[in-house]
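Please look through the structure shown here alongside the notes that follow.

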Amino acid sequence: MEKIYTSLGLMSGTSMDGIDASIIKSNGEDKYEVILDQYFKYDEEIYKKLVNIKNKINSIKDLEVNSAALADIERKITLFHAYVCKKIISENSNNIDLIGFHGQTILHNADKRISKQLGDAHLLSALLKKKVIYNFRKNDMLNGGQGAPLAPIFHQILVNQNQISLPVCILNIGGIANITIVSSKDFIDLKSYDIGPGNCLLDEWIRKNSKERFDKNGNLAKAGKTDKIILNQAIENFDSIKNNNLSFDVKDFNLNFIRGLSLKDGISTLTDFTATIIYQSIINSINLEKDKELNVLVCGGGRKNLTLLNCIKSKLPFKMKLSLIDDYKINGDFVESQAFAYLAIRSYLNKMISFPKTTNVKKSCSGGVLSENY
């Protein structure tokens with residue numbers, strides 16, 4: 001009889017606003033059941049400290065220079081994760097076998113094989129008396145991979161279990177946008193990579209030029225006017241720096257190209273830029289037969305930006321249909337946290353979590369490190 005594990009996945013994305021938490025039951029292979037999805041907002045102190053320290057970290061040297069501040073915020077983040085887990089465990093009748101602890105990415109540089117996530121897994125394990133799986137990217141990068149994206153294998157099981165017709169493209173619009181192409185039921189055929197900016201430039205512009213944290217529903221972008229000259233130049237510049245990167249960090253992009261624009265015109269131009277990069281990547285990554293249809297299913301926070309979605313839709317050819325993953329009764333806010341709950345199980349069982357066509361790793365490998373500090 002196969003073992004079914006109950007795993008709690010914890011994900012804090014590039015918006016740095018809080019934690020997505022999901023409990024799933026899975027055999028770590030071809031079955032999963034969602035038990036709980038819940039969001040926990042960081043308090044203002046943690047949020048401001050994260051934004052502040054993230055702005056200071058651009059290299060390994062910066063990690064050393066700011067080590068004291070990093071240790072302080074890492075402890076605060078870990079204690080908050082512990083609080084979240086204790087609350088969930090106390091209110092849930094399911095016994096948790098594993099905790100998938102992604103942590104808060106503070107620096108990711110695929111070229112230099114660096115990926116630093118804040119979060120003390122040993123402390124979390126000691127506080128919870130649970131097995132904690134962390135550092136999911138390390139083994140992939142040691143084996144020549146870029147350390148991201150790691151969710152594709154979960155996208156595969158999600159598509160298979162929900163009987164979504166193939167081929168299908170899962171478009172995740174978080175701080176960074178990434179796509180997964182599922183063309184068969186075999187993990188080895190998975191194709192995935194980070195596209196480039198998702199919400200990161202949009203959110204940064206809004207934070208720097210208003211009292212808000214993001215452009216709700218894309219309303220400001222809808223009210224603005226795109227500067228076509230700046231847009232075309234930005235797209236041309238992006239194409240020249242993209243190279244062979246399969247993964248990105250938010251620090252790979254900046255707002256310099258729209259300096260001087262008004263709040264609304266700036267966000268409109270950025271939204272057009274982001275939509276164009278996403279559209280081009282989808283087209284370039286798929287060799288479809290003539291008239292072959294493709295569903296593009298959108299998850300992540302960016303799917304709530306209606307102006308961004310409409311902008312992408314308007315560019316896609318008729319044979320590509322853009323829809324929300326929620327239309328398949330899958331909660332698009334929690335795909336990543338569910339994914340890391342699933343990856344924790346696979347890591348614990350020493351099963352493969354990354355593949356040559358997803359992270360550019362030399363050969364498929366497992367990942368994730370176990371902390372059992374109790």
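Leaving aside its neighbours within four places in sequence, which residues is L171 in contact with?

1. Before the reply, a word on the source: this is a predicted model, in which local features need pLDDT of at least 70 and side-chain atom pairs count only at pLDDT 80 or more, while totals for chains, interfaces and linings use all residues. Residues are numbered from 1 along each chain as its sequence is written, and side-chain values use heavy atoms, with hydrogens and water left out.

2. Once neighbours within four places in sequence are set aside, L171 is in contact with N178, I179, I195, I278, I282, V296, L297, V298, C299 and L322, where contact means heavy atoms within 4.5 Å.

3. L171 and I282 are the residues with the most contacts inside the largest nonpolar core, which has 43 residues. Helix α10 (residues 263-285) gives the largest share of this core, namely seven residues. A nonpolar core is a set of buried Ala, Val, Leu, Ile, Met, Phe, Trp, Tyr and Cys residues joined through side-chain atoms within 4.5 Å; buried means under 20% relative accessible area, exposed over 50%, and partly exposed in between, with a 1.4 Å probe and protein chains only. Helices (H or I, at least four residues) and strands (E, at least two) are DSSP runs, numbered from the N terminus.

4. A second, separate core of 36 residues includes V51, C85, I106 and L107. In soluble globular proteins, nonpolar side chains tend to be buried together.

5. The structure holds twelve aromatic pairs, counted when ring centres of Phe, Tyr and Trp (its six-membered ring) lie within 6.5 Å; planes under 30 degrees apart count as stacked, over 60 as edge-to-face and the rest as tilted. One of these pairs, F80 with Y83, is tilted, at 5.9 Å centre to centre and with 40 degrees between the planes. Because F80 and Y83 are three residues apart in helix α3 (residues 67-91), about one helical turn separates them. F80 is buried at 13% relative accessible area, whereas Y83, at 47%, is partly exposed.

6. F257 and F273 also form a tilted pair, 5.3 Å centre to centre with 55 degrees between the planes. F257 lies in the loop between α9 (228-241) and α10, and F273 in helix α10, so this pair ties together parts that are 16 residues apart in sequence. F257 counts as partly exposed at 25% relative accessibility, and F273 as buried at 4%.
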